[in-house]
Amino acid sequence: MALGKYTPEEVEKKWQEIWKDSRCFEVEVDPSKPKYYVLEMFPYPSGKIHMGHVRNYSIGDVVARFKSMQGYNVLHPMGWDAFGLPAENAAIKNKTHPAKWTYQNISEMREQLQRLGYSYDWRREIASCRPEYYKWEQKFFLKFLEKGLAYRKDSPQNWCPDCNTVLANEQVVDGLCWRCESEVEQKDMEQWFLRITDYADELLKDLDTLDTGWPERVLTMQRNWIGRSYGAELTFQVKDMDETIKVFTTRPDTISGATFMSVAAEHPMVETLTKDADNKTEINAFITNIRNMDRIKRGAEDLEKEGIFTGKYCINPITGLEIPIFIANFVLMGYGTGAVMAVPAHDQRDFEFAKKYKLEIKTVINPVELHDKGEILNESTMEAAYTAPGILVNSGDFNGMENESAKKAIVEHLDKSGLGTMSVNYRLRDWNISRQRFWGAPIPIIYCDDCGIVPVPEDQLPLILPENAQVRADGKSPLPQMEEFVNCECPKCGKAARRETDTFDTFFESSWYYMRYCDPRNETEPFSQEATDYWMNVDQYIGGIEHAILHLLYSRFFTKALRDTGFIKTTEPFANLLTQGMVLKDGGKMSKSKGNTVDPNSMINRYGADATRLFILFASPPVKELEWSDQGIEGAFRFLSRLWRLVEGLEDKLQAVQPASSNDPQIDAAKQLRFKEHDTVRRATRDIENEFQFNTVIAAVMELVNEIYGLREALKDADPKALSSAIATAVTLLSPITPHVCEELWQALGHTTTLTKQPWPTYDEAALIKDEVTLIVQVNGKMRAKFQMANNAPKDEVEKVALGLENVMAHTDGKTIRKVIVIPNKLVNIVAN
């Protein structure tokens, strides 16, 4: 076939149609073949893809095509994270229904992704807003409820006044809503929760199984978020009351230095402690102010410490002394028990608080160097808390003990009287899954005055979100006002009842979608055991670092919860994780407000999908940030045009041979090209398998193309097979990255099969052994000559040739040769003086 001019639009449209008609990316369960499941995080259907999408999905597509060429049965699906606030807010703005807006965007984005030639099995496409999808998560919820993993409680919640919904702790960033960046308030509400804390130990422990496949940064972020602490739970009796306050502490060795107690404003004992206080009005105002503070700010190190005395005292269980009870702004109910034994001499927050309110500071851990001198740390001269190890003082029977040893001894002593026990605490809190917005999956619960909380019967699922609802301009959900949705019959007693009007947090949908891809058209169950046994877990997951805690942690929990409710056998969802870097322009993140966005469609229209893919994969390693460059994509297009011209100019000489198939070169040029060809296969294979270094793979192929250009005149008549083999190798290696143009060039080489069925090339170790090698000669550490020598020539012959070189002789004339060091096939180092 005559190639003619390289026209990306024609080439790309042609091959996308061929792939579609041949259904070459559609796969089924096949136990006779090894499977490989590659997945990019599914996108929110905003209406337009951006360069971040292009980078993410191009990375995944190269992996999918590469693994397919290696003989794997590759599952590579795509779908849409379609519920959520952006669709609802856009619907309000455009006076339409979120469903209409969402489905229209899905259609547009699907077309954009198809233009890029990604190897998706589009039969498996899902959208989380469709009833046939969320039906199954409603069923999961009911199973979690049966098992005690789902429950409802009244508690202070993060409330976004602009989004009109609660937020999970993970969705509050520096006191602001993660979506709209409004300041988050605290609001008491009854909400549905999942007991993710029941899995805290397993979630933490199983991170160790991911240490070879996940970035260390993500593992660290998850470990820190789960936040396991070893310590003790101690009990303080409230003076003159039949009440106790329990505290969790990692420092039971300092208990004798506890000179006051701090409790959170939300602590359930606060009302009891303050009901008779003379300054009750002042206390209530303080509590209200603290409860409305952002929890992140309350836990910050630089927070100005504030508190108010409750009027009550409790008893230190070791010293027997009365200590005052304060409500403090830096104590949170979300960690430990919501009460802290305050040891100002050995905790900086307590130290600052004690200084401010002129409370006692008592040293109980003495620095070893002072202890050895018979001295004790002087509280009156302390400028900060002493937090290092030391020896116990002012601690009664425990004086003289090293503080680490004292921890266990003190807890054992308190355990005898029922006032202390060893304990483990977690920073992780249960997952709040209730949202007060419309565009989400309805929570399948009915409230009956007689029967209480009643699950929607499974045979009535899906509980469908009404599509005739009119979204409200203020963002509040219309569901509570929709009598036809709210009013229902109790499934137990048949009396009038009402439906839950909250919807699921959208992370509920994204926590299991990768399982549905395994069997997306199953109408009788969320997925078959056969499908998940074969496909799960995901071999390679690709997405942004911003999902390190929210999505990834919830998905890990969901997998374990579904395992324990009998749906799957998998324990971890994602074996390997790649977090790609952001795409920048002019040194900053692309954003419409900065006016520095690049429209992928305009790049495809101008340069083609292949050039766009090539640039996005060549400009930077996948995990690094990528700086957009107009010159860079122009360079990518020029390279593809140059490769095209290479094949076009040799079309009448080339043969339909396999890559790396020139096995017996007779002339030097063919030997040289064969070495470069096999070395390129070696480098490309290594670099894809080693952290997907596509940029160096592309660089290696570019070097091979340069070599072919340099040798084509010498070989086009003398050894056209060598040229054909090398070009076939370049085209095949590049095909996962720029698939359309490579398919066209492969066809031009005379092949009748497509590259989607072509195996990945292999290299011959023997081809990497050169007949001759170039050695460098140094005299006293400075390079003085180069020469060619037979590969692995004897050292004495190498030394003889090196010493006889004209420039070497000029620099050793009149000197005594002290030493000659020969490094085989590389270097001759001569020492002379």
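User: Which side chain makes a polar contact of 2.9 Å with the side chain of Asp-253?

Analyst: This is a predicted model: local features need pLDDT of at least 70, side-chain atom pairs count only at pLDDT 80 or more, and totals for chains, interfaces and linings use all residues. Residues are numbered from 1 along each chain as its sequence is written, and side-chain values use heavy atoms, with hydrogens and water left out. A polar contact is a pair of N or O atoms within 3.5 Å; within protein, one must be able to donate a hydrogen and the other to accept it, and residues adjacent in sequence count only if both atoms are side-chain atoms. At 2.9 Å, the partner of Asp-253 is the side chain of Arg-251.

User: What is the distance of the polar contact between the side chains of Asp-253 and Asn-403?

Analyst: Asn-403 is among the residues that Asp-253 touches, along with Ile-365, Leu-392, Ala-406, Lys-407 and Ile-410, leaving aside residues up to four places away in sequence. Touching here is contact, meaning heavy atoms within 4.5 Å. The polar contact of the Asp-253 and Asn-403 side chains is at 3.1 Å.

User: Is Asp-253 buried or exposed?

Analyst: Asp-253 sits in the loop between strand 11 (244-249) and strand 12 (260-263). Helices (H or I, at least four residues) and strands (E, at least two) are DSSP runs, numbered from the N terminus. Buried means under 20% relative accessible area, exposed over 50%, and partly exposed in between (1.4 Å probe, protein chains only). Asp-253 has 0% relative accessibility, so it counts as buried.

User: Which side chain is joined to that of Asn-73 by a polar contact of 3.0 Å?

Analyst: Asn-73 lies in strand 2 (residues 73-75). Asn-73 is buried, with a relative accessible area of 6%. Residues that Asn-73 touches include Val-27, Glu-28, Asp-30, Tyr-36 and Trp-535. The polar contact at 3.0 Å is with the side chain of Tyr-534.

User: At what angle do helix 20 and helix 21 pack?

Analyst: Helix 20 covers residues 609-618 and helix 21 covers residues 630-649, with their axes 8 Å apart. Axes are lines fitted to C-alpha atoms, for helices over the stretch in contact, and angles run from 0 to 180 degrees between N-to-C directions. The packing angle of helix 20 and helix 21 is about 120 degrees.

User: Why is helix 20 oblique to helix 21?

Analyst: Angles under 35 degrees count as roughly parallel, over 145 as roughly antiparallel, 65 to 115 as roughly perpendicular and the rest as oblique. Helix 20 is oblique to helix 21 because of their packing angle, which is about 120 degrees.

User: Which residues in helix 21 do those in helix 20 meet?

Analyst: Helix 20 contributes Asp-610, Ala-611, Thr-612, Leu-614 and Phe-615. By class, the contact of helix 20 with helix 21 has 8 nonpolar, 2 polar and 1 charged residues. Ala, Val, Leu, Ile, Met, Phe, Trp, Tyr, Cys and Pro count as nonpolar, Asp, Glu, Lys and Arg as charged, and the others, Gly among them, as polar. On the helix 21 side are Gly-632, Ile-633, Ala-636, Phe-637, Phe-639 and Leu-640.

User: How many nonpolar residues are in the contact of helix 20 with helix 23?

Analyst: Helix 20 and helix 23 (residues 694-715) pack at an angle of about 115 degrees, axes 7 Å apart. That makes helix 20 roughly perpendicular to helix 23. Helix 20 supplies Leu-614, Leu-617 and Phe-618, and helix 23 supplies Phe-694, Asn-695, Ile-698, Ala-699 and Met-702. By class there are no charged residues, 1 polar, and the nonpolar count is 7.

User: What is omega for the cis peptide bond from Met-536 to Asn-537?

Analyst: Asn-537 is in the loop between helix 17 (529-535) and strand 26 (540-543). The bond from Met-536 to Asn-537 is cis, with omega near 5 degrees.

User: Is Lys-95 buried or exposed?

Analyst: Lys-95 belongs to the loop between helix 3 (85-94) and helix 4 (98-115). Its phi is near 55 degrees, a positive value in a residue other than glycine. With a relative accessible area of 76%, Lys-95 is exposed.

User: What percentage of the 833 residues in the chain do buried residues make up?

Analyst: The chain holds 27 helices and 34 strands. Its C-alpha trace spans about 105 × 85 × 50 Å along the principal axes. The buried share of the 833 residues is 56%.
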